[in-house]
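Reader: I would like to learn how to read contacts, rings and interfaces in a model. Where do we start?

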There are 2 protein chains.
Amino acid sequence: LNNKKQINIGFIGFGEGAFEMSMGFKSEGLYVNFYDVLQDNLKYIDIFREKAIKSEAKRMTSIKSLAIESDIIVSAVTSDTCIEAANSIKPYLTENHYYIDINSVSPITKRKIFEIIRSKTLKFIEAAVIGTIPGKQHKVPMLICGEFAKDFYKLMTPYNMNLTVIKGEIGTATTIKMLRSVFMKGIATLLIETLSAAFECNVFDLVYNSIKDTLENRTFDELTNRLICGTAIHSNRRKHEMDEVINTLKSTKNQYLMSKGTRDSLDWIDSMDLKNYFKGEMPAEYIRVLEAISKNKN
Amino acid sequence: LNNKKQINIGFIGFGEGAFEMSMGFKSEGLYVNFYDVLQDNLKYIDIFREKAIKSEAKRMTSIKSLAIESDIIVSAVTSDTCIEAANSIKPYLTENHYYIDINSVSPITKRKIFEIIRSKTLKFIEAAVIGTIPGKQHKVPMLICGEFAKDFYKLMTPYNMNLTVIKGEIGTATTIKMLRSVFMKGIATLLIETLSAAFECNVFDLVYNSIKDTLENRTFDELTNRLICGTAIHSNRRKHEMDEVINTLKSTKNQYLMSKGTRDSLDWIDSMDLKNYFKGEMPAEYIRVLEAISKNKN
């Protein structure tokens, strides 16, 4: 009736993220082991005991036991210790082990970790977690990359992991996550700068509704095209307008960090003289602008 | 059959914007006059003559004649000369004149202009042009503000001007425009920073589609709520993540001006310790976050 093969998952590092994922894996009927360098520290020993009881995860007495008892090693340590973690378990890895690194680290660090363990197992999975684990547990969306990413996808999708396989060299999944962050974290702070100034100046509803109308009455493709092509041609005028905007924010004692970034970005774009490159005509597609910026850079 | 009253419009300054609007007013059957300080300059005399012929606008020989021959004075000069323009026409204004300032200047400058002319006419219209005039001509959307803004709206809407009356003191329309600019110009440069890096790193489609999905699968209200409330609680973690993002942009030789602004904004938000203020719970509505920021500031 059940074709699922029993899988043992071993967490190196058992902080909040690992614990939450373990709760999810437990609900899928999987076995979970863990080893955390702090687990025997008297300050934390009770916390780890409690987490182990709640998630029915088995505390391993050594990193060696963790490797022996687990099919999939999940590195869920702190960003600054993920290389150390890889080095510490390396002697005990075999070619059958999957090693998945879910830490939020740079593409370069992900590649370094692969270099450390590749002589033992090629089943390295670079994972980039999109969003936060609490609430979603093991179902949190992840981009995964690596030679065996497709196999890992097939193995774990039946247990409701939400995996998207990304082609390309190790680091690609993380690069996508990082570049997504440029936009998503940026739009969040941009909204805060805009709306908190509007709130202070008693024009909240008008500013909010004006932006809402502009965003909701066109598709993302239309919006992107209009904004990128317009900026390419009008960077000089808009740069000066941003000076006025910054003055207004300053005089009303509002924050202007994002506006400063916008002003400086317009200055950077203006320095490429794209208006001249496009002979004063707005290009029809934003991709022409990205190509022009790329040419200008290289 | 036609209840429209004949109106004479007088432009102080007859650059591209004024000329384009004149073309539109002509098509509505209105009369246009203009006076530009450069109109007798030998370098520009032919250009003004050509514009006058095309738009059928009458060139006035003095600012005095412009005032006498026009019902509505439109100040469309350069940002740094709009105060000078108001001073120069002031002696010839009467209480029947509308004086509409469409220049892109700060709310403070708009108020200064009102102070200059108010002893002659109270019919001062603060206008904030949203978007660009070429292509839209006199139909370009404008926010207008002032004691007589409603009357101006009634007078000019039959001629297809696209006016929105804003309540509040002079400067309010411009404040709305400026704060709208914080967001609209910011999201444009943010898209350019994100997508040009994605283009360079050969992950364009994946980054683009991931952002597109996130924006298109929720309303603006949902997006704003999620982004602002999430940032309030997770500012510390996200600040550190932005450091990694910036390192990635640097190491791939991409621009990071907006990301720097985002990182610094998160640092600013983090300094308010909103996580503690909200007792670790994500607030349900973003307006709570804006209130908390406001409290923190005042």
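Author: This is a predicted model. Take B:Lys212 as the opening case. Beyond residues up to four places away in sequence, B:Lys212 touches A:Phe220 and A:Asp221.

Reader: Where is B:Lys212 placed?

Author: In helix α8 of chain B, residues 204-216.

Reader: What does the side chain of B:Lys212 do with A:Asp221?

Author: The two side chains make a polar contact, at 3.2 Å. A polar contact needs N or O atoms within 3.5 Å.

Reader: How many residue pairs are in polar contact across the interface of chain A and chain B?

Author: The rule finds 20, with both residues at pLDDT 80 or more. Salt bridges are counted separately. There are six between chain A and chain B. One case joins B:Glu200 and A:Lys297, whose side chains meet with N to O at 3.7 Å.

Reader: Which elements of chain A supply the side that touches chain B?

Author: α5 (107-117), α7 (172-200), α8, α9 (220-251), α10 (257-270) and α12 (286-297) each supply at least two residues. The largest share comes from α7(A), with 26 residues.

Reader: How many residues are in contact between the chains, and what is the area buried between them?

Author: Count residues, then area. In chain A, 85 residues are in contact with 85 residues of chain B. The buried area is about 7900 Å². Carbon and sulfur atoms give 76% of that area.

Reader: Which residues of chain A lose the most area to chain B?

Author: A:Phe183, A:Ile192 and A:Phe220. Together they make up 9% of what the chain A side buries.

Reader: Now a helix. How do I read which way its residues point?

Author: An α-helix has 3.6 residues a turn, so residues three or four places apart point the same way.

Reader: Next, rings. How many aromatic pairs does the structure hold?

Author: Over all chains, 26. Read each pair by two values: the distance between centres and the angle between planes. A:Phe14 and A:Phe34 have centres 4.0 Å apart and planes at 10°, so they are stacked. The cut-off for stacking is under 30 degrees.

Reader: Where do A:Phe14 and A:Phe34 lie in the chain?

Author: The pair links distant parts, 20 residues apart. A:Phe14 is in the loop between β1 (8-12) and α1 (16-27) of chain A. A:Phe34 is in strand β2, residues 31-35.

Reader: Are A:Phe14 and A:Phe34 buried or exposed?

Author: A:Phe14 is buried, at 0% relative accessibility. A:Phe34 is also buried, at 0%.

Reader: Which ring pair joins two chains?

Author: Look at A:Tyr208 and B:Tyr286. Their ring centres are 5.7 Å apart and their planes are at 15°, so this pair is stacked. A:Tyr208 lies in helix α8 (residues 204-216) of chain A and B:Tyr286 in helix α12 (residues 286-297) of chain B, so the pair joins two chains. A:Tyr208 is buried at 6% relative accessibility. B:Tyr286 is buried at 13%.

Reader: Which residues do ring pairs link into a cluster?

Author: A:Phe11, A:Phe14, A:Phe19, A:Phe25, A:Phe34 and A:Phe48.

Reader: What touches A:Phe14 and A:Phe19 besides rings?

Author: A:Ser55 does. Setting aside neighbours within four places in sequence, A:Ser55 is also in contact with A:Ser22, A:Met23 and A:Lys26. A:Ser55 lies in helix α2, residues 45-55 of chain A. It is buried, at 2% relative accessibility. A polar atom of the A:Ser55 side chain lies 2.8 Å from the backbone oxygen of A:Lys51.

Reader: And charges over rings?

Author: Find the charged end, then the ring centre. A:Lys123 lies over the face of A:Tyr98, 5.0 Å from the ring centre. In chain B, the charged end of B:Lys123 sits over the ring of B:Tyr98, 5.0 Å from its centre.

Reader: One last residue. Is A:Gly135 buried or exposed?

Author: Exposed, with a relative accessible area of 75%. A:Gly135 is in the loop between β6 (124-129) and β7 (141-145) of chain A. Its C-alpha atom is 8.0 Å from that of A:Glu20, 115 residues apart along the chain.

Note on methods. Residues are numbered from 1 along each chain as its sequence is written. Chains are lettered from A and ligands numbered from 1 in the order in which they are written. This is a predicted model: local features need pLDDT of at least 70, side-chain atom pairs count only at pLDDT 80 or more; totals for chains, interfaces and linings use all residues. Side-chain values use heavy atoms; hydrogens and water are left out. Rings of Phe, Tyr and Trp (its six-membered ring) pair if their centres lie within 6.5 Å; planes under 30 degrees apart count as stacked, over 60 as edge-to-face and the rest as tilted. Helices (H or I, at least four residues) and strands (E, at least two) are DSSP runs, numbered from the N terminus. Buried means under 20% relative accessible area, exposed over 50%, partly exposed in between (1.4 Å probe, protein chains only). A charge sits over a ring if NZ of Lys or CZ of Arg is within 6 Å of the ring centre and within 35 degrees of the ring normal. Contact means heavy atoms within 4.5 Å. Buried area is the accessible area (1.4 Å probe) that two parts lose on being put together, summed over both. A salt bridge is a side-chain nitrogen of Lys or Arg within 4 Å of a carboxyl oxygen of Asp or Glu. A polar contact is a pair of N or O atoms within 3.5 Å; within protein, one must be able to donate a hydrogen and the other to accept it, and residues adjacent in sequence count only if both atoms are side-chain atoms.
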